[in-house]
Amino acid sequence: MNVLKDWYYAGILFVQTIRELRFLPLQWERCMRHSCNMGYQTLPIVGILSIFMGGILALQTGYSLNKIPGAQNFIGSIVGLSMCRELGPLMTAFLLTGRIGSSITAELASMSVYQEIDALKTMNLSPVRLLVMPRVVGGLFMMPFLTMFANVLGWLGGWLVVESVDVIHSTGNMYWRSLKKFVNMESIHGGLLKGELFALIIIFVSCSIGLQTKGGPREIGTSVTSTLVQTMIAILTCDYFVSKLLL
Amino acid sequence: MGEKKSAVRICVKQVTKTFAKKAVLQNLSFTVQPGEIFIIMGPSGTGKSVLLKLLSGLDQPTSGEIYINDLPLKQVKKSNRYVLGLVFQAGALFNSLSIFDNLALYFRERQICKEAEIEKRITHVLNLLGLQGIEKQMPSSLSGGMKKRVALARGLLMEPDVLLFDEPTSELDLLTASSIIELIGYVNRHLGITTVVSSHDILLAKTIGHHIGVLQNGTMDTIYTPETLFQSNNAFIKNFLNPRVNLEHPQFPSFLV
């Protein structure tokens, strides 16, 4: 029941955020601050994870295709497509959930518990305009950069493995040629679109749960856990249906 | 700031508020006259804070209506003309902002005046409340009493039609509490803002209250003045105002016996 309530409220927040977008010029500074915060906090970990993700993908496929003559020349296409269609946006979204979603919930839940949200309301200041809308804009602005960054570093990780591991009898040149041949703009755009949808899910779910928190410090912790679980399930569900649509 | 606005009348009519089928407030009716200090008293858990939430529009009554100058509160709030200053029990200052930014937030977001004017107004109110020099500090570095003063400053800066205080003297030592009481009285005398205070502080009711309502079983039977309150023969009020500590025959809750 609580999950349904959270999602219902997330829907309301979505509508309210669209209404508040007319105040975007006034909130521009806040939006930029949230964008920088999201990028700055997430970029290093996205980089590290993506390099290893691309590397592992290249290693596993290279090892599996070892016995089929010439099949290792397709490692580039496998790593390239997997990264930009699935792993890039998905891993970035999971990291964003852990780093940003949880911190948004914790911050808003604490503001809610300590009556700061009520204080805003009594001042006739909209919490959605001040707290939700700038985060949504920041998330939507930052997500494509983070996803693309993850894709490129994933591809680089794959290339490093192809160049340096003995079990793979292919070359870096072949890796990039195969990657270029199969990865087209459509695949990249599909991944970026997924990234934007995931960003919306992360921000709205974390804001919804945060703003609805009542009680004390224990409830703040419970809300953060709930955000992580609900967001990850929602991202995977959304990923399946969007992937099906884009195929 | 500093000029008297025409004070508003608050009229609570037949208000009931229930939580999970349990009525916290029942058919509650009373009027707060323009410019007066109305004290809502009662033991913990009798619905003082709930009533204050209803008066501030943060929550809606289950039935009944609250009127501000004969207009329903909902309607008045929507019109954006009614400004309300609610001073929360713990201050509810924005912890991520400095004191200056806390006080400036209302003006900046509503684009009421320019930065130089904001600074002038904030300096004036901080001086008035004896808070000069704390602008750059963060709320976490302030004591409980200071936080309440800053919250009052924030309320005053909005030039409110009504000032609401939720337990302004709770968790404070007697000296600090009396300075807060003096401050509320001073602000009311000089600005004439209609003020509603929820408290169980007898000193506060006695010294600055014009009228006092004691919540009992979700309602207020009689509205008292400080004089009539202390002469009341109502057993509940007598017991509330003069609680006895009986060490010889203490009355424990049943689960302790």
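The model is predicted, and the predictor gives the complex an ipTM of 0.84 together with a pTM of 0.86. For chain B the average pLDDT is 87, with 95% of the residues scoring at least 70. Where pLDDT is low, the predicted coordinates should not be read in detail.

**Domains of chain B**

- According to the domain assignment, domain 1 of chain B is made of 1-83 + 164-257, while domain 2 of chain B covers 95-159.
- Between the C-alpha centres of domain 1 of chain B and domain 2 of chain B there is a distance of 26 Å, and the contact between these domains takes 10 residues from domain 1 of chain B and 11 residues from domain 2 of chain B.
- On the side of domain 1 of chain B that touches domain 2 of chain B, seven residues are nonpolar, one is polar and two are charged.

**Contact with chain A**

- Chain B places 12 residues in contact with 11 residues of chain A.
- On the side of chain B that touches chain A, the elements giving two or more residues are β6 (84-87) and α3 (99-110) of chain B.
- By class, this side of chain B has nine nonpolar residues, two polar residues and one charged residue.

- In chain B, six strands form an open sheet of mixed pairing, in the order β6-β7-β8-β3-β9-β10.
- The edge strands of this sheet are β6 and β10 (223-224) of chain B, each of which pairs on one side only; β6 of chain B is also one of the elements that give two or more residues to the side touching chain A.
- Strand β6(B) runs parallel to strand β7 (residues 162-166) of chain B and is joined to β7(B) by four bridges, and Gly85(B) has Leu163(B) as its bridge partner in β7(B).
- Across β6 and β7 of chain B lies helix α5 (residues 144-157) of chain B, which runs at about 175° to β6(B).

**Strand β1 and its partners**

- Strand β1 (residues 10-19) of chain B is joined by seven bridges to strand β2 (residues 22-32) of chain B, and these strands run antiparallel; within this pairing, Cys11(B) stands opposite Thr31(B) of β2(B).
- The hairpin of β1(B) and β2(B) has two residues between the strands, and Ala20(B) in this hairpin takes a positive phi near 50°.
- Strand β1(B) is also joined, by five bridges, to strand β4 (residues 63-68) of chain B in an antiparallel arrangement, where Lys13(B) stands opposite Glu65(B) of β4(B).

Terms used. Residues are numbered from 1 along each chain as its sequence is written. Chains are lettered from A and ligands numbered from 1 in the order in which they are written. This is a predicted model: local features need pLDDT of at least 70, side-chain atom pairs count only at pLDDT 80 or more; totals for chains, interfaces and linings use all residues. Domain bounds come from an automatic or database domain assignment. Two residues are in contact if their C-beta atoms, placed from the backbone, lie within 7 Å. Ala, Val, Leu, Ile, Met, Phe, Trp, Tyr, Cys and Pro count as nonpolar, Asp, Glu, Lys and Arg as charged, and the others, Gly among them, as polar. pLDDT is the predictor's confidence in each residue, from 0 to 100. Two strands pair if DSSP finds at least two bridges between them. Axes are lines fitted to C-alpha atoms, for helices over the stretch in contact, and angles run from 0 to 180 degrees between N-to-C directions.
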